[in-house]
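This report goes through one protein model, moving between single residues and the whole chain. Keep the sequence and the 3D view at hand while reading.

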Amino acid sequence: MMQAVLTLGLAIALAWPLGRYLARVMRGTPMPGDGLFGLVERPLYALLGVDPARGMSWRGYAGAFLLSNLLLGLVVWGVFMTQAWLPFNPDAVPNLSWDLALHTAVSFLTNTNQQHYSGQAQLSYLSQAVAITGLQVITPMMGLALAVATLRGLFGGRAVARSGDVPSTSPATVSASPGMAGLGDQAPTLSRQGRPEELRSASDAVDVGNYYVDVVRACLRFMLPLALLWTLLLGSQGVPSTWNAGPEVTPVQASDDLPTQKIPLGPVAAMVAVKQLGTNGGGWYGPNSAVPLENPTPLSNLLETIALVLIPMAVVFMLSAFTGRKRLSAMVFGTMLAMSAASTAALVWAEGYSATAHDPALMEGKEVRFGADASALWAALTTQTSNGSVNAMHDSLSPLGGGIALVDMLVNAIWGGIGCGLSQFIVYLLLAVFLAGLMTGRTPELFGRKIETPQVKLLALLILLQPIVLLGMTALTLALPAVTGNTNPGFHGITQVFYEYASAFANNGSGFEGLGDATPWWNLSCVALLLLGRYPALILPLVVAAQLAAKRRAPESPGSLQVETPTFALTLIAVVVVLTVLQFMPVLVLGPVAEHLTLALH
């Protein structure tokens, strides 16, 4: 447990200054290095045909997000299906099948990185370093951009003064002097996708920023420098970083069937750094960071574990400087930290001290050099952050340990993915405000803007989408074993299937590797869940925020619901528990709980 406390403490200490720097990046305030970064940014804006001074409505912002995802997805899909004929393929890796290539492209496009392939054997250096690692840099920053745009909407748009102290005189107010731009210090004029056009509704009149500017600045000024630093640190620990083909060596126990063995190498350190920092997950090697080449030393394991939560924590700390509401940032951080501590402690207990913890079968798939505590800590943080990378196979977790990892993914907002976690937290926040208002007889409102029927309908759609999709696909898969290839008939088989779909929907990417998932059924069904779990969860909160921003702001009074308090934080946690744990309790009982009781009896 001391290892968990040390890791979280170091992550918090590093995330605080990083979050303040991130706030300056996303607000666009003048800062050192503008001249240097401008040399790269200005040609990119010219190439994209974007005027960085122009803002966007939520429709323009979401449209630019979807268009960029579509174009990137088509490009990387093509790379995976033609990699055998492309350069940087010294190991002569063949092309991926169309369905596996589609799943891989969508998986990394949605910042999920669910792998139905083994990277060192099925992807070329070009696919790994350009298509995979490239998406691992860009897609988390896309999620961050959507979350930042949602924050701008919640506080009235980019032109509203920092903490909401200067209410807009009209819902359609979209421009201001530079001094009033507290949630992004550029003085914008509104357009869709960077081009002026006629507005169709009041919510369209709310400027939520410029999508291209937000993504470019986040990638160049934040993600790439941090990833470079982590790459150097991991390289110093022996993580491979080369474009040369791997060497052939004689195994210790050579045989006629295996006289030599080829050691797969490549630019591994860069990918590992980005996959950990960007809540991407996956890995260069099939077993991820359980492979000594990807995670060779105790220090590399510590660096990779800290990286799991570093940027998600920094995004929470960004709230304070970005919105000017320190108490809001403290409430969000305290709520997430409380849920994280409870989940981590429970998973460490399940792996080290529960009734099934000492079953010898549970050591299969685990690294003895890390031990139970380090494996449990990684499993907890990787599912709390939508990362999904592993240093021990989750299929080998104790039944309750696997159940806790499942709950983390169902909540998907303990720390969450970069941007996605904050967007999901905002959904829970809005629902908690609505429910608290009903219980106290007050009109539900957040930051002086009323939450009414249109907003509640969109929030309800998000909440209902998860159980409908997850339970429906799990039931269909279990009912058709001959079609789906699910051959495990026991309680663990239920958990395997539900875990795979929960991981896809939560954009996590981890899995129970006893499941044979490299089939057209699993590739295509998971593609559907990857898309449903990513895009509604990012776009609908932006729509709600824009609708709220279009409403006239009422001054807060002693009678207003105070959301920045410990009491409301407890209410929020209760809402999260009810909406996730309780509604999925039947499948959790049929899977992890039933398996635990069965093993405990024996």
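## Two residues with positive phi

T279 is found in the loop between α8 (268-277) and α9 (298-323). Helices here are DSSP runs of H or I with at least four residues, strands are runs of E with at least two, and both are numbered from the N terminus. T279 is not a glycine, yet its phi is positive, about 45°. Most residues other than glycine have a negative phi, and most peptide bonds are trans. T279 counts as buried because its relative accessibility is 0%; buried means under 20% relative accessible area, exposed means over 50%, and partly exposed lies in between, with a 1.4 Å probe and protein chains only.

N507 also has a positive phi, about 55°, although it is not a glycine. N507 sits in the loop between α16 and α17 (520-549). With 5% relative accessibility, N507 counts as buried.

## Source and numbering

The model is predicted: local features need pLDDT of at least 70 and side-chain atom pairs count only at pLDDT 80 or more, while totals for chains, interfaces and linings use all residues. Residues are numbered from 1 along each chain as its sequence is written, and side-chain values use heavy atoms, with hydrogens and water left out.

## The whole protein

The protein has 19 helices and 6 strands. Its C-alpha trace spans about 80 × 55 × 45 Å along the principal axes. For 602 residues, a compact globule would have a radius of gyration near 25 Å, and the value of 24 Å for the protein agrees with this. That radius is taken over C-alpha atoms, and the globule rule is 2.2 Å times the number of residues to the power 0.38.

Of the 602 residues, 59% count as buried. The protein exposes about 22200 Å², and carbon and sulfur atoms supply 69% of this area. Accessible areas come from the Shrake-Rupley method with a 1.4 Å probe, and for residues only the protein chains shown count as cover. Among contacts with a separation of 6 or more, 79% are between residues 24 or more positions apart; contact means heavy atoms within 4.5 Å.

## Aromatic pairs

The structure holds 12 aromatic pairs. Rings of Phe, Tyr and Trp (its six-membered ring) pair if their centres lie within 6.5 Å; planes under 30 degrees apart count as stacked, over 60 as edge-to-face and the rest as tilted. F333 and W415 form a tilted pair, 5.7 Å centre to centre with 50° between the planes. This pair links distant parts of the chain: F333 is in helix α10 (residues 326-352), and W415, 82 residues apart from it, is in the loop between α12 (399-411) and α13 (420-440). Both F333 and W415 are buried.

The ring centres of F498 and F584 are 5.8 Å apart and their planes are at 45°, so this pair is tilted. F498 lies in helix α16 (residues 491-505) and F584 in the loop between α18 (566-582) and α19 (585-601), so the pair ties together parts 86 residues apart in sequence. F498 and F584 are both buried. Elsewhere, ring pairs link Y61, F65, Y211, Y212 and Y535 into a cluster.

N295 lies in the loop between α8 and α9, and its relative accessibility of 0% is why N295 counts as buried. Not counting residues up to four places away in sequence, N295 touches S289, S300, N301, E304, R369, F370, W378 and N391.

T150 lies in helix α6 (residues 125-154) and is buried, with a relative accessible area of 0%. Apart from neighbours within four places in sequence, T150 is in contact with I426, P541, L542 and A545. Beyond neighbours within four places in sequence, the contacts of F80 include N95, L96, A101 and L123.
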